[in-house]
Amino acid sequence: MRLPDLSRYSLPREPVRLARRAGRHVVGTLLGLLLGAALLLTLPFLLVRWRAPFRQARRWEAWRLRRFYRFRFAAPPAEFLGGRRTVPHALLAGVLGYVMFDLIMLVSGIVLGSTLQTVLVQPVVFDFSVWVIS
């Protein structure tokens, strides 16, 4: 008995590409939690004319947008992330990063609870300060 030759067939690349993009966006959003806070925390240094920390945080944020979202700046990153745009951008990046972190923790708690409940065959309760999973 011979097995059929399946070398001509290949799996569609679209699902793999979409999964990679989704993972890249999740990691980018989680980094937004850190870099949004870094942008906000370095803003007071501008008041005392110490610009190096803010420039470094802005460089990291531009790297995050380019690397994880394939963002292409029409203007230099100093114009895009400078002036009055910095505060709303940093707040939005931080809030979305926090929401993504919270969702990941919620899903991992549900998966872990379901797995433990299946293995232990008894109810499992995770009690957090804000919500309870049972």
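Q: Why is Arg 64 called buried?
A: In this predicted model, the relative accessible area of Arg 64 is 5%. Buried means under 20%, so Arg 64 qualifies.

Q: What makes Glu 61 count as buried or exposed?
A: Its relative accessibility is 0%. That value falls under the 20% cut-off, so Glu 61 is buried.

Q: How are Arg 64 and Glu 61 placed in helix 2?
A: They are three residues apart in helix 2 (residues 52-69), so about one helical turn separates them.

Q: What makes Arg 17 and Glu 14 a salt bridge?
A: The N to O distance is 2.8 Å. The limit is within 4 Å, so this pair qualifies too. Both residues lie in helix 1 (residues 14-47), three residues apart, which means about one helical turn.

Q: Why are Arg 17 and Glu 14 called partly exposed?
A: Arg 17 has 41% relative accessibility, and Glu 14 has a relative accessible area of 39%.

Q: How many salt bridges does a search of the whole structure find?
A: Two.

Q: How do you know that the span of helix 4 agrees with its 35 residues?
A: At 1.5 Å a residue, residues 86-120 should span 51 Å. The end C-alpha atoms are 50 Å apart, so the values agree.

Note on methods
Residues are numbered from 1 along each chain as its sequence is written. This is a predicted model: local features need pLDDT of at least 70, side-chain atom pairs count only at pLDDT 80 or more; totals for chains, interfaces and linings use all residues. Side-chain values use heavy atoms; hydrogens and water are left out. Helices (H or I, at least four residues) and strands (E, at least two) are DSSP runs, numbered from the N terminus. The expected span of a helix is 1.5 Å times one less than its number of residues. A salt bridge is a side-chain nitrogen of Lys or Arg within 4 Å of a carboxyl oxygen of Asp or Glu. Buried means under 20% relative accessible area, exposed over 50%, partly exposed in between (1.4 Å probe, protein chains only).
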